[in-house]
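Have a look at the model first, then read on.

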Amino acid sequence: MAEQFRISCLDDDSVKVFNSFWAEHGLCFLVETEEQTVLFDVGTTGTVVGHNAQLLKKDLSEVTHIVLSHAHYDHTGSLDWALDQTRNPVLIADTDLFVERVSRREGATKQTGVPVSRERVEARAQLVLTEDMFQIGEGMYLTGRIPRENQYEVANPKMLIRQGDDFSADSFLDDRSLILEAGEGIVVLLGCCHAGLVNTMNYVRKHFSAPIKAIIGGTHLLEASPEQMTWTIQELKNKFQPERMYFNHCTGFNALVTFRNAFGERLQTMPAGEVLEF
Ligand SMILES: [Fe+2]
Ligand SMILES: [Fe+2]
């Protein structure tokens with residue numbers, strides 16, 4: 001029987017209206033199947049993620065896997081807290097997970113990487129660090145590293161990664177997405193999508209031929225130019241034809257409006273507290 005997935009948003013920059021969920025700059029999804037309970041990213045603070053999990057009646061001690069889309073604090077900030085809520089889960093991420101990251105804006109340097117040491121993680125989780133595609137469970141995969149294949153989806157030069165004694169521009173090779181084989185189609189869960197939405201979908205298409213049922217998560221189009229938006233929409237329409245999109249987190253208001261105008265009701269958001277089933 002085809003796998004069924006319940007996806008709950010436990011952390012996002014916005015909240016579902018007429019509810020008591022909390023928002024913060026961060027992202028965390030809970031993905032539940034018959035066999036597995038997977039946290040895809042853990043959000044920024046345990047205060048917000050814990051509050052939202054409680055409202056949705058989710059018991060995080062049942063989490064079997066933690067999968068991290070990339071190292072940034074808004075996806076890993078509550079990792080210490082999350083490991084205290086869980087019972088020795090398998091933790092899957094890129095090999096560069098623990099490399100130091102900073103941002104430099106207007107002369108100020110800010111730590112932006114994982115705020116907990118590898119030792120503290122290894123004491124409470126079974127760590128799997130890989131650059132390759134990784135199967136988490138029946139019909140559930142973390143992508144491998146995503147090739148950069150176009151001129152639009154390029155890294156922000158203010159975001160840096162430790163290289164020896166200094167820092168260099170971070171090309172976010174650690175940025176990965178989750179792929180779910182849901183019945184006759186594919187659901188793609190994005191973290192921040194620093195690798196680029198089109199690059200990520202090209203990767204998905206290379207490995208999976210089923211129709212795209214949904215793309216969910218952050219698309220990092222906050223500062224995208226009108227040309228990039230037009231190109232992105234053309235690529236989505238011509239190559240991938242997603243049935244639905246549920247964008248949130250770092251997508252940005254302008255991109256959301258542009259997508260809505262292009263796709264109508266097929267474009268939705270995925271605020272904290274929202275639950276989808278496939
Ligand atoms: Fe990020
Ligand atoms: Fe992010």
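The notes below go from the overall fold to the charged side chains.

This is a predicted model, in which local features need pLDDT of at least 70 and side-chain atom pairs count only at pLDDT 80 or more, while totals for chains, interfaces and linings use all residues. Residues are numbered from 1 along each chain as its sequence is written, chains are lettered from A and ligands numbered from 1 in the order in which they are written, and side-chain values use heavy atoms, leaving out hydrogens and water.

**Overall fold**

- The chain has seven helices and 18 strands (DSSP runs numbered from the N terminus: H or I of at least four residues for helices, E of at least two for strands).
- Its radius of gyration is 17 Å, close to the 19 Å that the globule rule gives for 278 residues, so the chain is as compact as a globular protein of that length (taken over C-alpha atoms; the rule is 2.2 Å times the number of residues to the power 0.38).
- The C-alpha trace spans about 50 × 45 × 40 Å along its principal axes.

**Packing and surface**

- Of the 278 residues, 56% count as buried (under 20% relative accessible area, with exposed over 50% and partly exposed in between; 1.4 Å probe, protein chains only).
- Among contacts with a separation of 6 or more, 72% come from residues 24 or more positions apart (contact means heavy atoms within 4.5 Å).
- Carbon and sulfur atoms hold 48% of the accessible surface of about 12,200 Å² (Shrake-Rupley method with a 1.4 Å probe).

**Salt bridges**

- The count comes to 18 salt bridges (a side-chain nitrogen of Lys or Arg within 4 Å of a carboxyl oxygen of Asp or Glu).
- Glu277 and Arg6 form one of them, at 2.8 Å from N to O. This pair links distant parts of the chain, with Glu277 in strand β18 (residues 275-277) and Arg6 in strand β1 (residues 6-11), 271 residues apart. Glu277 is exposed at 54% relative accessibility, whereas Arg6 is partly exposed at 33%.
- Arg118 and Glu122 also meet in a salt bridge, at 3.4 Å from N to O. The two are four residues apart in helix α4 (residues 118-122), so about one helical turn separates them. Arg118 is partly exposed at 38%, and Glu122 is partly exposed at 40%.
- Glu131 pairs with Arg145, their closest N and O atoms being 3.8 Å apart. Glu131 is partly exposed at 39%.
- A network of salt bridges links Asp94, Asp96, Glu131, Arg145 and Arg176.
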